[in-house]
Amino acid sequence: MTKRMIVAMLALAGIFVALYLLLYKLGMIGHLSCNIGSCETVNTSKWARLMGIPVAGWGVAFYLAMFALAVVSTTERYADSAGMSKLLVFASGTGVLFSVWLTYLELFTIHAICEWCVTSAVIVTVIFLVTVADLRNKTADPDESAV
Amino acid sequence: MARPTNTTGKKKNTVRNASTRPTGFYYVLGAIAIVGASILAYSMMRKPSEVVVTQAVAPTGPIGPAEGYLIGKADAPVKIIEFADFECPGCGNFANVTEPDVRKRLIETGLANLTYYDFPLPQHKNSEAASNAAACANDQGKFWEMHDMIFANQDQWNTEATDNPKPFFAKYAERLGLNTGTWETCFDTRKHQGRIMANAAEGEKRKVNSTPTFIIGDKMYAQGMTYDAMKAIVDSATKK
């Protein structure tokens, strides 16, 4: 099992978390009722959309891209590529920054925390840490790919 | 077939990892996909299963100092109580999609009546103003017309759209042919704020914690529902 495989698995889990939030936002999951629960508050706030697209939709797109990238990076052709490691760090780092901003909004602007959003933030943070470890391995020893 | 890269130590390692990938790695990915898809499918399928009875409450009847808005015959055999928030998308969905059927087929036929109680949620900053707008329309006998207009245009005046919803409500009042001067004085002085707060307090007393919440007979249903679900409940309450 390589670090990149772990990234792919986490990204796949992330796809489902973001998909859950997106379906909730679109009213296909949950009661559509205004539960006082915090996910409802967060997901119906004005920050739940970015450029007209639900934030959860951006999340799905991000995890899909991350997943595709991670799977491709495990193939023989890219297995030793340090450039691919850098790309993975860059992509996951972007996700972390986006998550930090969203968590900041939850804590200080919306004043509500949605546990699914926190789950996503944790996943993207772990992905980032694993990609950094992968990059360090690749730059230290280009052939090191096992955990 | 022999692979040239297998002959050296380091390359051999890489190739071994790559060749073992399909078995373990893809199985794990498949397992994650199956679990994730199952959870999503389960969550989506739960929705049509509808009504979850959260708790039994006291039978419907006069509610303390709170005063709802009745539609239908006062002596209808089944009484539906609704606690709703004008700004809640779930309540809007019920009002816009389900309620026309409920009115036509359950209320106008005399099978049931419905009483609307305000339950403005704190996160919806314009909801209380909407309740006031509707209460002031009620003074001129047009609560339900205003109720419908407010819900139908929820996207125009909700917290996400504006910090000042009054002009929208004033426009609706005008469109409904209300005496706008009287309506405006009523709205500006928050003449019915006490009634709205009493309605919300009544909801809290009955452990309402989400909107819409319906009380039909002696049961409380803390979620929106389809016409069919409501009809089934009304039918079963009628038989009792």
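Biologist: How many helices and how many strands does chain B have?

Modeller: This is a predicted model, in which local features need pLDDT of at least 70 and side-chain atom pairs count only at pLDDT 80 or more, while totals for chains, interfaces and linings use all residues. Residues are numbered from 1 along each chain as its sequence is written, and chains are lettered from A and ligands numbered from 1 in the order in which they are written. Helices (H or I, at least four residues) and strands (E, at least two) are DSSP runs, numbered from the N terminus. Counted in this way, chain B has 9 helices and 7 strands.

Biologist: In what pattern do the helices and strands of chain A follow one another along the sequence?

Modeller: Chain A comprises 5 helices and 3 strands. Read along the sequence, their pattern is α-β-α-β-β-α-α-α.

Biologist: What percentage of the residues in chain A are buried?

Modeller: A residue is buried if 20 or more other C-beta atoms, placed from the backbone, lie within 10 Å of its own, exposed if 12 or fewer do, and partly exposed in between. In chain B, buried residues make up 40% of the 240 residues. For the 147 residues in chain A, the value is 48%.

Biologist: Are helices α4 and α5 of chain A roughly parallel or roughly antiparallel?

Modeller: The axes of α4 (residues 82-110) and α5 (residues 115-140) of chain A come within 8 Å and cross at roughly 155°. Axes are lines fitted to C-alpha atoms, for helices over the stretch in contact, and angles run from 0 to 180 degrees between N-to-C directions. Angles under 35 degrees count as roughly parallel, over 145 as roughly antiparallel, 65 to 115 as roughly perpendicular and the rest as oblique. The crossing angle therefore makes α4(A) and α5(A) roughly antiparallel.

Biologist: Which residues of α7(B) make the contact with α3(B)?

Modeller: The axes of helix α3 (residues 127-139) and helix α7 (residues 180-188) of chain B come within 9 Å and cross at roughly 135°, and the two helices are therefore oblique to each other. Two residues are in contact if their C-beta atoms, placed from the backbone, lie within 7 Å. From α3(B), the contact is made by B:Asn132, B:Ala133, B:Cys136, B:Ala137 and B:Asp139. From α7(B), the residues are B:Trp183, B:Cys186 and B:Phe187.

Biologist: Is B:Gly90 buried or exposed?

Modeller: B:Gly90 lies in helix α2 (residues 89-107) of chain B. Its C-alpha atom is separated by 6.3 Å from that of B:Gly224, 134 residues apart along the chain. Because B:Gly90 has 23 C-beta neighbours inside 10 Å, it counts as buried.

Biologist: What is the phi of B:Lys207?

Modeller: Most residues other than glycine have a negative phi. B:Lys207 is found in the loop between α8 and β5 (210-211) of chain B and, with 12 C-beta neighbours inside 10 Å, counts as exposed. Although B:Lys207 is not a glycine, its phi is positive, at about 65°.
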